[in-house]
Amino acid sequence: MEKITNSIDLKEIEKKTWRSTLEDGLLDMYFGMLVLSIGLGITLGDLLPEPFDSLLPIILMIIGLILFLLGKKFITQPRLGIVKFGFRQKTRKLKTVLVLSINSIILLILFIIRLVNPDLRLIFPVYIEGLIIGLLFITFPLCFAAYFLQYTRLYFIALLVGLSFFLSDLLSIILPEPFDALMAFGIVSVIIIIEGFIFLIKFLRKYPLSKEEMT
Amino acid sequence: MAKKKIESDDFIQPLGDIDKIIHEPARLMIMSYLYVVESADFIFLRNQTGLTDGNLSSHLSKLESAGYVDIEKRFKGKKPQTLLKLSREGREAFELYRKKMEQVLGGLSQK
């Protein structure tokens, strides 16, 4: 009853309601899977014959998405319940999609430019290039997404993923290519997946499987 | 003296107009949660409010009788699912309640 006696702040209630849908850690684990598939994509690109080298990361991403959706359906919904958000949260999602779409378009343009001119390089040393690209095109857009979605853990994920390119460049000093990328993205993805898993366990404890409805 | 009494009653009068269905703490909480979302099911509302099944169920029945909450019962596979949303009247009543409470509580001071 303590909840009732506290003053009612609708914005706080909206935030709490929204954040409860992110408590399960499934989205974190999905991000971890994405990072892992990027790492495998870079690594296997040199090891596997075509077209498996480019297909495997896509398959991994799809598997990650399927696992995420199944988790939401069979783990989260029976425990947390179902909620549909109103206009304000939909606007937040729309803004996130917009920022990430613009970012993807910029990345695609840069990729095409690089494809047309393979010798084109930034004026920075190679390892700084990875750091700048990671922070500029991964960390910042994901931070915007974290802000719009009020998803605090995404700031941490954004930083880790952004730094993974730099980490890969650093590891290339001691590891042969392409294992440096696999190691860097592997470490980052394992950290994110473990973090998500811890949140999932907390979620399962907080929301035990619900009894039948009594209405 | 009589004039003073009338003035005092005028000040207190808005309290009498407060919607008593919404004013009950548990129902106020239910209305607040349903106000910030488009719709939610029984389980979600129970988790958020911390109310027991029976308690939530009885308050929802009262809110439904008042026309403030729309309750849609359906089956998802073999499991029953109860979807809840504020009706237009419920939303308007909640907004009016907020305004009145602000009006009443805004006038209260410790001086």
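## Chain A at a glance

Chain A is built from 8 helices and 1 strand, where a helix is a DSSP run of H or I with at least four residues and a strand a run of E with at least two, numbered from the N terminus. Follow the sequence and the pattern reads α-α-α-α-β-α-α-α-α.

This is a predicted model, so local features need pLDDT of at least 70 and side-chain atom pairs count only at 80 or more, while totals for chains, interfaces and linings use all residues. Residues are numbered from 1 along each chain as written, chains are lettered from A and ligands numbered from 1 in the order written, and side-chain values use heavy atoms, without hydrogens and water.

Of chain A's 215 residues, 37% are buried (under 20% relative accessible area, 1.4 Å probe, protein chains only). Its accessible surface is about 13,000 Å², with 75% belonging to carbon and sulfur atoms (Shrake-Rupley method, 1.4 Å probe).

Now for contacts, meaning heavy atoms within 4.5 Å. Among those in chain A with a separation of 6 or more, 78% link residues 24 or more positions apart.

## Where two chains meet

Helix α2 of chain A (residues 10-20) packs against helix α3 of chain B (residues 25-36) at about 70 degrees, their axes 9 Å apart. Axes are lines fitted to C-alpha atoms over the stretch in contact, and angles run from 0 to 180 degrees between N-to-C directions. The two helices are therefore roughly perpendicular (65 to 115 degrees).

From α2(A), the contact uses A:L10, A:I13, A:E14, A:K16 and A:T17; from α3(B), B:S32, B:Y33, B:Y35 and B:V36.

Notes. Buried < 20%, exposed > 50% of the residue type's maximum accessible area, 1.4 Å probe, protein only. Parallel < 35°, antiparallel > 145°, perpendicular 65-115°, else oblique.
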